[in-house]
Amino acid sequence: MDFLNSKIKTLYFRYLASAFGSALITSIYSIVDMAMVGQYHGPAGTAALAVVAPVWNLIYSLGLLMGIGGSVLFGISRGKAGGQTGQSNEYFTASVIGSAILSAAAWLTILLFDRPLLLFFGADASTLGLAMDYILPVKFVIPCFLFTQTLAAYLRNDGNPGLATAAVLTGGIFNIFGDYFFVFACDMGAMGAGLATAIGSVISILVMLSHFFSRKNTLRLVRPTGLLHKFRMILVTGFSTFFIDIAMGVLTILFNRQIMAYLGTDALSVYGVIVNISTFVQCCAYSVGQASQPIISANFGAGKGSRIRQTLKYALATAALFGLVWTGLSLSIPNRFIRIFMSPTQEVLQVAPAIIRTYGLSFLLLPLNIFSTYYFQAIVKPQAAFIVSVARGLVISGFLILLLPALAAPEAIWAAMPLTELMTAVYVVCMTVRYTGQLKDYAQ
């Protein structure tokens, strides 16, 4: 579809449906991995996959760094060229080269240092062997995971969001059924789950590569000029999206340590459920950003401010809807969430409602704040995107997680994220109003 002339409402909701499906299936099959291994090996299996989780955060964030960072600049370049390929494929080529370099570095690191890495991420005698079993088949296809993120971003910007979603769905569905087959039918346990995930990633990348043989394809590998300059621009533009995933792992570690120091294992088990809920909420937020970014980038490059404002209107309304739905669910059925993810004790059921209802208030503004990083990136305001991602992802949140239980009651830790999202949202609203007001219609 034509980003510069097609009806904004049609464009936005087509891309939203595609991005939402892609983000949702990714989160679902990662949870299925944990559930299958947990059922086979017991609590040690669940803990082992929690140890592996930071590896995924690192790999996916590197793919987003190249994919989102490069595709924003790609879209702006196409907008300036009136939808023609112009120099946009230089950014695509630079992203591919950057992804190859980063995937090679990640690949070698995990191949050579998997054991020390897993120990650093928290493995102990009971979980290290299972974590090593799970990651054994995965580590041989590390580039597939990274390139899946990079190519998905470019397919959305090249007018083929449906294929990006189909690729993730195909690999994800195989992974879900493959988990059961390899883990239980083949009696492979954790290694079987890793094998299913590895094969699923190969299937996804093969489906995405079919785009290059279709008539829709306008992506080409070309000789880029000023390659180092383009790398720097991609890194600056994509850093905020990259940091969101990295910060998730850091905050989880902080929460885990503080909860165990002040509240104990029952509260920690409830926090484990919150992490899963938060993953779904963030997927909703990612889908709003990924649906909007190609449209906004192209129209920013073309100087069509009115079309950007229309897209922003739909994105803000969607973010608000997601925030209201997830906050409402957290307030109304907290123990239903607990029963979905575990067989709870009475003690857990007693403490869970207050915890989930307090933490769940953060879901009201979370979609807005995460979407804002995509918006600021798309209109080339990387400094604002950087401030949002670092403030909510580490600085404000980390400070409050450490400070609140020490200065107030231990239970005050659950207010850390609602307060973080609120303070971040004040900055987001101010900057959004400011930068949107500066948009002009240079092209008629």
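Student: What should I know about the model before we start?

Tutor: Residues are numbered from 1 along each chain as its sequence is written, and side-chain values use heavy atoms, with hydrogens and water left out. The model is predicted, and totals for chains, interfaces and linings use all residues, but local features need pLDDT of at least 70 and side-chain atom pairs count only at pLDDT 80 or more.

Student: How far apart are the end C-alpha atoms of helix α15?

Tutor: Helices (H or I, at least four residues) and strands (E, at least two) are DSSP runs, numbered from the N terminus. The expected span of a helix is 1.5 Å times one less than its number of residues. Helix α15 (residues 416-437) has 22 residues, so it should span 32 Å. That agrees with the model, where the end C-alpha atoms are 32 Å apart.

Student: Which helices do the buried residues of α15 pack against?

Tutor: Buried means under 20% relative accessible area, exposed over 50%, and partly exposed in between (1.4 Å probe, protein chains only). The buried residues of α15 include Met417, Glu421 and Tyr435. They pack against α8, α10, α12, α13 and α14.

Student: Is Ala50 buried or partly exposed?

Tutor: Look in helix α2 (residues 43-80), where Ala50 is found. Its relative accessible area is 41%, so Ala50 is partly exposed.

Student: Which residues does Ser287 touch, not counting those up to four places away in sequence?

Tutor: Ser287 is in helix α9 (residues 265-301), and at 0% relative accessibility it counts as buried. Contact means heavy atoms within 4.5 Å. With residues up to four places away in sequence left out, Ser287 touches Leu16, Ala19, Phe20 and Phe322.

Student: How many salt bridges does a search of the whole structure find?

Tutor: A salt bridge is a side-chain nitrogen of Lys or Arg within 4 Å of a carboxyl oxygen of Asp or Glu. One of them joins Arg78 and Asp158 (3.3 Å, N to O). Searching the whole structure gives a total of four.

Student: Where is Glu90, the partner of Lys230?

Tutor: The side chains of Lys230 and Glu90 meet in a salt bridge (3.1 Å, N to O). This pair links distant parts of the chain, 140 residues apart: Lys230 is in helix α8, and Glu90 is in helix α3.
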